[in-house]
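Hi,

Here is the structure I promised to pass on. Have a look at it first, and my notes follow below.

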Amino acid sequence: MSSGGSSTAGISMISESGIEQPYGYAPHDVHVIARIDGRVVGHVRWAHREIDIGLETVAIAGIGGVLVSDEARGMRLGGSLMERAEQSMKDHHSVAFGYLGCRK
């Protein structure tokens with residue numbers, strides 16, 4: 001992705017190990033991070049969860065921490081981060097559904 005200039009956003013995924021959990025958040029399995037010129041400009045995280053629906057247990061992903069910095073807005077970075085998170089859910093964790101939660 002390019003933003004009018006020569007900066008390009010690179011998106012990487014990292015596992016949970018070594019990441020502090022601010023504000024009492026539950027641990028997350030994957031963090032998807034976008035960087036431009038080495039600076040973090042976007043982030044999405046998700047955690048594998050299982051819920052019971054009737055008699056069936058279903059794997060889902062709780063998505064949170066969806067953030068895009070002011071300098072990276074308008075680059076469709078949020079959508080790219082969510083697509084990368086969704087792909088990791090499918091590829092590595094057999095997640096059937098994702099849900100995006102928010103607080104007031």
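Which residues does V41 touch, not counting residues up to four places away in sequence? With contact meaning heavy atoms within 4.5 Å, V41 touches A34, R35, I36, L67, V68, S69, E71, A72 and L77.

Before the rest, a word on the source. This is a predicted model, with local features needing pLDDT of at least 70, side-chain atom pairs counting only at pLDDT 80 or more, and totals for chains, interfaces and linings using all residues. Residues are numbered from 1 along each chain as its sequence is written, and side-chain values use heavy atoms, with hydrogens and water left out.

Now the layout. The chain has one helix and five strands, in the order β-β-β-β-α-β along the sequence. These are DSSP runs numbered from the N terminus (helices H or I, at least four residues; strands E, at least two). Of the contacts between residues at least 6 apart in sequence, 48% join residues at least 24 apart.

V41 turns up again in the core: the largest nonpolar core has 17 residues, and V41, W46, A72, L77, L81, A85 and M89 have the most contacts inside it. β2 (30–36), β3 (39–53), β4 (56–68) and α1 (77–93) each supply at least two residues of this core. A nonpolar core here is a set of buried Ala, Val, Leu, Ile, Met, Phe, Trp, Tyr and Cys residues joined through side-chain atoms within 4.5 Å. Buried means under 20% relative accessible area, exposed over 50%, and partly exposed in between (1.4 Å probe, protein chains only). By that count, 33% of the 104 residues are buried.

On to the charges. Searching the whole structure gives three salt bridges, each a side-chain nitrogen of Lys or Arg within 4 Å of a carboxyl oxygen of Asp or Glu.

- E71, one of the residues V41 touches, pairs with R39, with their closest N and O atoms 2.5 Å apart. This bridge links distant parts of the chain: E71 is in the loop between β4 and α1, while R39 is in strand β3, 32 residues apart. E71 is partly exposed at 47% relative accessible area, and R39 is partly exposed at 38%.
- D70 and R73 meet at 3.2 Å, N to O, and both are exposed.
- K90 and E86 meet at 3.4 Å, N to O. Both lie in helix α1, four residues apart, about one turn of the helix. K90 is exposed at 52%, whereas E86 is partly exposed at 39%.

Cheers
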